[in-house]
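Here are my notes for your first look at this one. Keep the viewer open and click along as you read.

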Amino acid sequence: MFSYTTEMTSRKLLRPRTHFNPIPPIIRNSLHCSQEQPTTQSNPPFFSKGPNLLATDLIKSYFQKGSVKEARKVFDEMSERDVVTWTAMIAGYTSCSHHSSAWGVFCEMFRSDVEPNAFTFSSVLKACKGMDSLLCGALVHGSTVKYGMKGSIYVENALMDMYGACCVSMDDACKVFSELHEKNAVSWTSLITGYTHRGDGYGGLQVFRQMLLEGVEPNPFSFSIAVKACASIGSQTFGRQLHSAVIKYAFDCHLPVMNSILDMYCKFGCLPEAKQYFDEMSQKDLITWNALISGYEKSDPRESLSIFSHMESEGFSLNSFTLTSVTAACANLAVLNCGEQVHGGIIRRGFNKNLALANTLIDMYAKCGSITDAHKIFSEMSDRDLVSWTSMMLGYGDHGYGKEAVELFDEMVKSGIRPDRIVFMAVLSACSHAGLVTEGLRYFKSMINDYKVTPDKDIYSCVVDLLCRAGRIKEAYELIESMPFKPDESFWGALLGACRAHKLPHLSRLAAQRLLDLRPNMAGTYVMLSNFYAAEGKWGEYANMRMLMRGTGNKKEAGQSWIEMMELEQKLKRKELKQLVEIDIRIFIGIMACHSIVVTKFYARQNGKEEHDISSKASLAKRISFGWFERYKQDEKFNFYKGSSSSMKHEAP
């Protein structure tokens, strides 16, 4: 019994109680060589490292693996720390996006009287950029001057990068750039990046052009950011020139550059060229697929879902950006069944806590008509940003829940989030659809007076629509006249429609004349004007409007509806939808006639009456109803019942 207890105790002692990370190879090799190499050798091929260097290498290895706590534990247990160790901690925290911790280590280093070097300053400047703290960056800039780091290319490039990201303008970054004695490709790329990330694509391209004129050899990163700058301004001419330059400098096999070009063509709307370029790419990564899926998401969401399916079949793993684009494609198609499947995939992959994905799901469910599910996701979110509140408010507004949208706006303000122009447009649109005129006008005044948000055309359009729907036509007209910019045809068209609905002939003529003065381009405006003149009995002007509409070459776009039927989805124009409803009604009438005659036959049989006449009527009704059903099946426009659907579970009678 004693021996058994001793054996069990020894097993427990030998059993590992905690999980230790494996020792990195560089440290294991150093320890191995320090034990095996003889100390008397005059020229050893490998010098063993001291404890400080080994600990620093261990810290670097932990940060590379993302083990931040373990790296900090090794750092805290070190008895002596040199500048390399401190710099490794700052750079490691920055690489893991723990920018505040990196800044804290830098301050602790100063208190320890350790003198930083150029790499220390460049690493902490990246942390200042990550914190978006101009104050911290300026303090570091002052320290670089104090420690004589002016002229160090690493420090100067990091300063440019920080000022370009944190300052209101590019003036400070350009000042640092102009004082550089020697500029390399990284210096130019940092300046191009600063202009591009603040939305000034023209400025970025101008710096890139100057770099080429001065004979600086561009690198793949400078080309990649220049292509992004070109995409931001929407210039196809510059984009094609950059594409040619990429081929000239033999960077067309560099994957980040290829991804930037693909994304550029997608943003230009040149989707056939983007698809062709995608097919010709020798290598692809997840960013490549995401760029193409996102490019097709708005203009052709069906193709976006097809590319997503192809990507999965190729064995690529998804990330949150992929699922965001796919969810948005489902929202644009308004296919709830597909959106629910994507939502299930999000939960299965553990992305249900992702903020951007949750926002997209709210928008998807709202556009698919399931406002209850949208609200459920919103209420379950542990963290919400401005997009979350805006998406939910837009969903409420589109479904006519104006009071709920107003309550949500007030709740958002109480939570400390400051509304922007898009939020005000959402709540004003909700008030317009729900007829909450007083609340809408109150928010409009609060936007200008309390939040100092300058209304744009979209905001004014919401307020004009709000007043027109409520029948306050004169107030809408006065608002249009007082706008700080010239109203376009959408304003006068809305006013004309409201005047006709509320029978105000004088204002109707005025709005119609203003519309004609603008020489509208939209076919719908000419249709509205022709209908107005027809109602007035002015057939000459009616014919003139129709002639002008034909002269523009535009046609009024037909309304479309999405229908999910028997696990399939179809897009039907208004005329086709009307035909579909008429066919369904005829089928229903025929079936009901059959049912009525069958019941009559039953009672006739019970009473011993003649059934011949009734049977002939039943046969006629059956032929009519099933004849319409067969026409319905064979029509190419309404191919729900075609054999192409392998998933059909029901057959036609």
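1. Start with a spot in a loop. Asp 132 sits in the loop that joins α7 to α8 (134–146). Keep in mind that you are looking at a predicted model.

2. As for cover, Asp 132 has a relative accessibility of 52%, so it counts as exposed; the cut-off for exposed is over 50%.

3. There is another residue of this kind further along. Ala 334 is not a glycine either, and its phi is positive at about 60°. You will find Ala 334 in the loop between α19 (320–333) and α20 (336–348). With a relative accessible area of 26%, Ala 334 is partly exposed.

4. Now step back to the whole chain. How many helices and strands does the protein chain have? The count is 34 helices and two strands. The chain has 653 residues, and 42% of them count as buried. Its accessible surface comes to about 37,000 Å², with 53% of that belonging to carbon and sulfur atoms. If you take contacts between residues at least 6 apart in sequence, 57% of them join residues at least 24 apart.

5. Next, helix pairs. Two packed helices are described by the angle between their axes and the distance between the axes. On the α7 side, the residues in the contact include Phe 119, Phe 121 and Leu 125, and on the α9 side they include Val 155, Leu 159 and Met 162. Sorted by class, this contact has 12 nonpolar, one polar and two charged residues.

6. Zoom in on one member of that contact. Beyond its neighbours within four places in sequence, Leu 125 touches Gly 137, Val 140, Val 155, Ala 158, Leu 159 and Met 162. Leu 125 and Val 140 are 15 residues apart along the chain, yet 7.1 Å separates their C-alpha atoms.

7. A second pair to compare by eye: α15 (residues 255–268) and α17 (residues 286–299). Their axes are 9 Å apart, and the packing angle is about 5°. That makes α15 roughly parallel to α17. From α15, Leu 255, Asn 259, Leu 262, Asp 263 and Cys 266 take part, meeting Ile 287, Thr 288, Ala 291, Leu 292 and Gly 295 of α17. By class, that gives six nonpolar, three polar and one charged residues.

8. Among the buried residues of α12 are Gly 201, Leu 205, Val 207, Phe 208 and Met 211. The buried residues of α12 pack against α11 (185–197), α13 (220–233) and α14 (236–248). After α12 comes Gly 215, with a positive phi near 80°.

Technical notes. Residues are numbered from 1 along each chain as its sequence is written. This is a predicted model: local features need pLDDT of at least 70, side-chain atom pairs count only at pLDDT 80 or more; totals for chains, interfaces and linings use all residues. Side-chain values use heavy atoms; hydrogens and water are left out. Buried means under 20% relative accessible area, exposed over 50%, partly exposed in between (1.4 Å probe, protein chains only). Helices (H or I, at least four residues) and strands (E, at least two) are DSSP runs, numbered from the N terminus. Contact means heavy atoms within 4.5 Å. Ala, Val, Leu, Ile, Met, Phe, Trp, Tyr, Cys and Pro count as nonpolar, Asp, Glu, Lys and Arg as charged, and the others, Gly among them, as polar. Accessible areas come from the Shrake-Rupley method with a 1.4 Å probe; for residues, only the protein chains shown count as cover. Axes are lines fitted to C-alpha atoms, for helices over the stretch in contact, and angles run from 0 to 180 degrees between N-to-C directions. Angles under 35 degrees count as roughly parallel, over 145 as roughly antiparallel, 65 to 115 as roughly perpendicular and the rest as oblique.
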